[in-house]
Amino acid sequence: HGLTTALPTALERGEFFIEYQPLVHLGDGSVRGAEALVRWLHPQHGVLGPDRFIPLAEHTGLIVPLGRWVLEESIRQARAWRERHGDQSAAGPLRINVNLSPCQLSHPGLVQETVDILERAGVAPDALCLEVTESALIGADDDLLKPLRRLAEMGVDIALDDFGTGYSNLANLRRLPVSILKLDRSFTQGMQQFPADPVDLKIVEGIVTLAHSLDLAVTVEGVETGAQAEQLRILGCDTAQGWYYARPGPPERLHDLALVDA
Ligand code: G
Ligand code: G
Ligand code: MN
Ligand code: NA
């Protein structure tokens, strides 16, 4: 595969870049953070989304150095962001969310490399949230959870991404060192019409109740309309992300968004 063989040189040549999508508090509309989403500016094919190359990078192992680069670059951005606005938004610390592949999770250097990156940048661990998919943690044994636990103890937030699409036992949540559930976009889609799909309403209501009783915050993805945002707010979801607020964009845009903090 042509893209696969081009991946290592792409990293060396700096062809990857990151877009940031804001995370907004549903209660007051303030920006609380942003998710880092990697893209590849391919010399022939133009901008490629992560779905085109992350699976290839996972397959070849390049995801480890690529993921390290994403982490380093996002933390550098978090530092710039905090320098500009202070460590705190009106309501809490500004955070950068970074996606972690299962391969990175089982890579033995993860904890130390993360610590080093944060220290080199002079950024506190509470500026970072690592997103791990629910499916990556299904049936995870203690060896896989140990690095996440250590990061969580340091103050790094761990979010369970694409929540509700896997088949994890809900009781299993207690075992995981996560503090945030990111509800999969499919639930948000059920809120498109008004009134929303009654089954989706019940499911989201149940997830939010369970999450809050376990001290987990709920983030919703894929919010495209004000009606969806309002339904999800009423259901008790905490934070939202989606085109309604902003598409993923360059870091400069993030600076401007943070300025409109409530
Ligand atoms: O941005 P969308 O932009 O198309 O992202 C699609 C998927 O790619 C998301 O599910 C996201 O989790 C994943 N993704 C984006 N950036 C990264 C990254 O830096 N590392 C990993 N492992 N996945 C990423
Ligand atoms: O990590 P993950 O799957 O959750 O990454 C988020 C993905 O969702 C990215 O591909 C991003 O571009 C996409 N996305 C973000 N906001 C919206 C939205 O409002 N609607 C849709 N359909 N996709 C979105
Ligand atoms: Mn994600
Ligand atoms: Na997701």
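**Entry 1: Leu 66**

I began with Leu 66, which touches Leu 11, Phe 16 and Ala 57 when residues up to four places away in sequence are left out. Contact here is two C-beta atoms, placed from the backbone, lying within 7 Å. I note that this is a predicted model, in which local features need pLDDT of at least 70 and side-chain atom pairs count only at pLDDT 80 or more, while totals for chains, interfaces and linings use all residues. Residues are numbered from 1 along each chain as its sequence is written, and chains are lettered from A and ligands numbered from 1 in the order in which they are written.

Leu 66 sits in helix α3. Helices are DSSP runs of H or I with at least four residues, strands are runs of E with at least two, and both are numbered from the N terminus. Is Leu 66 buried or exposed? I count it as buried because it has 24 C-beta neighbours inside 10 Å. The scale I used calls a residue buried if 20 or more other C-beta atoms lie within 10 Å of its own, exposed if 12 or fewer, and partly exposed in between, with C-beta atoms placed from the backbone. I also looked up Gly 139: its C-alpha is 26 Å from that of Leu 66, and the two are 73 residues apart in sequence.

**Entry 2: α1 against α2**

Next I turned to helix α1 (residues 2-12), whose axis comes within 10 Å of that of α2 and crosses it at roughly 75°. Axes are lines fitted to C-alpha atoms, for helices over the stretch in contact, and angles run from 0 to 180 degrees between N-to-C directions. The pair α1 and α2 is therefore roughly perpendicular. For the words: under 35 degrees is roughly parallel, over 145 roughly antiparallel, 65 to 115 roughly perpendicular, and the rest oblique.

On the α1 side I found Leu 3, Thr 4 and Leu 7, meeting Arg 52, Phe 53, Leu 56, Ala 57 and Thr 60 of α2. By class, this contact has five nonpolar, two polar and one charged residues. Nonpolar covers Ala, Val, Leu, Ile, Met, Phe, Trp, Tyr, Cys and Pro, charged covers Asp, Glu, Lys and Arg, and the others, Gly among them, are polar.

**Entry 3: α5 and its partners**

How do α3 and α5 pack? Their axes are 10 Å apart, at an angle of about 30°, so α3 and α5 are roughly parallel. From α3 I listed Arg 68, Leu 71, Glu 72, Ile 75, Arg 76 and Arg 79, which meet Glu 113, Thr 114, Ile 117, Leu 118 and Ala 121 of α5. The class count for this contact is five nonpolar, one polar and five charged residues.

I then followed α5 (residues 110-121) to helix α7 (residues 142-154), where the axes come within 9 Å and cross at roughly 25°. α5 and α7 are therefore roughly parallel too, and α5 passes α7 in a right-handed crossing. Leu 110, Val 111 and Thr 114 of α5 make the contact with Pro 147, Arg 150 and Leu 151 of α7. Four of these residues are nonpolar, one is polar and one is charged.

**Entry 4: the two ligands**

Which residues are around ligand 1? I found Leu 37, Val 38, Gly 49, Pro 50, Asp 51, Ile 54, Gly 67, Val 70, Asn 99, Ser 101 and Pro 248; to be near, a residue needs its C-beta atom, placed from the backbone, within 6 Å. Elements giving two or more residues to this shell are β2 (31-42), α2 (50-60) and α3 (63-85). α2 gives the most, with three residues. The shell has six nonpolar, four polar and one charged residues.

Around ligand 2 I noted 14 residues, the closest being Gly 222, Glu 224, Gly 242, Trp 243 and Pro 248. That shell has four nonpolar, five polar and five charged residues.

Asp 162, in strand β6 (residues 157-163), has a positive phi of about 55° although it is not a glycine. I class Asp 162 as partly exposed because 18 other C-beta atoms lie within 10 Å.

Asp 215 also has a positive phi, near 65°. Asp 215 lies in the loop between α9 (198-213) and β8 (217-220), and is exposed, with 7 other C-beta atoms within 10 Å.

Methods. A crossing is left-handed if the near helix is turned anticlockwise from the far one by less than a right angle, and right-handed if clockwise.
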